[in-house]
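Biologist: Put the model up and walk me through it, please.

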Amino acid sequence: MRVLNQLFANNRAWAEDATRSDRDFFARLSQQQTPPYFWIGCSDSRVPANQIVGLPPGEMFVHRNVANVVAHADLNCLSALQFAVDVLKVGHVIVCGHYGCGGVRAALRGDRLGLVDNWIRHVRDVHDLHRRQIDALPDEQARLERLCELNIIEQVLNVCQSTVVRDAWSRGQTLAVHGWIYSLNDGLLRDLNMCVTSEAELPAQYEAARDGLRAQIPGRAS
Ligand code: CO
């Protein structure tokens, strides 16, 4: 099939639905975007950024890649971060990974999948860094879950250490960087209790998250 008709039909229905209760929805959005959030997430089809936090178009700037990696020299991710912070002036950067991440699983197992292995090498580096903590866990499931969490914690650190975020903080811009994890099993987000709002906070926040309790669902007794 040369034209994916079903997707175009879905799109027409979606656009009609969006304007049914708000006739100027697209006209207004086309003028400008002022999203308060920048989301860095996994490309996994089961973790659609806007949908899981219930935000419509215009509310969240999004960058996704395999295993939500923030590599120091990745111009794609860094350019999105710089645009979000310097131009859009988002107040929050959210690094959101997920349990059961295929990229993290491949890193843990050392699977050979092809070119992507070179990207996943960043997650293997996270495993190497925390090998003692991860390998002490009783089974592969627990090791995978903890590596998913630690990968997010390390990527939050990378965001905070970027020139973009350090420069924003040093000129007094209000900016919080968060680490969250999503569960495919129940559709709920957990907070990794790493929220950094200044360079001074970073070491303590990082160490607490690295050594701390498992992720928790805010607003729910556990
Ligand atoms: Co994933």
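Biologist: Start with Cys101: buried or exposed?
Modeller: Cys101 has a relative accessibility of 2%, so it counts as buried (under 20% relative accessible area; exposed is over 50%, partly exposed in between, with a 1.4 Å probe and protein chains only).

Biologist: What kind of model is this?
Modeller: It is predicted, so local features need pLDDT of at least 70 and side-chain atom pairs count only at pLDDT 80 or more, while totals for chains, interfaces and linings use all residues. Residues are numbered from 1 along each chain as its sequence is written, and side-chain values use heavy atoms, with hydrogens and water left out.

Biologist: Which residues coordinate the cobalt ion?
Modeller: Cys42 through SG, His98 through NE2 and Cys101 through SG, at 2.0 to 2.3 Å. Donors are N, O and S atoms within 2.8 Å of the metal (3.2 Å for Na, K and Ca); water is not among the atoms, so sites may look incomplete.

Biologist: What spacing do the donors follow along the chain?
Modeller: C-x55-H-x2-C.

Biologist: And His98, buried or exposed?
Modeller: His98 is buried, with a relative accessible area of 2%.

Biologist: New topic. How many residues of H8 are buried?
Modeller: 17 of its 22, so H8 is largely enclosed by the rest of the structure. Helices are DSSP runs of H or I, at least four residues, numbered from the N terminus.

Biologist: What span should H8 have?
Modeller: H8 covers residues 140-161 and should span 32 Å; its end C-alpha atoms are 31 Å apart, which agrees. The expected span is 1.5 Å times one less than the number of residues.

Biologist: What caps its N-terminal end?
Modeller: Asp139, with a side-chain oxygen 3.1 Å from the backbone nitrogen of Gln141.

Key: Helix = DSSP H or I, 4+ residues; strand = E, 2+ residues; numbered from the N terminus. Polar contact = N/O pair within 3.5 Å; in protein donor to acceptor, adjacent residues only side chain to side chain.
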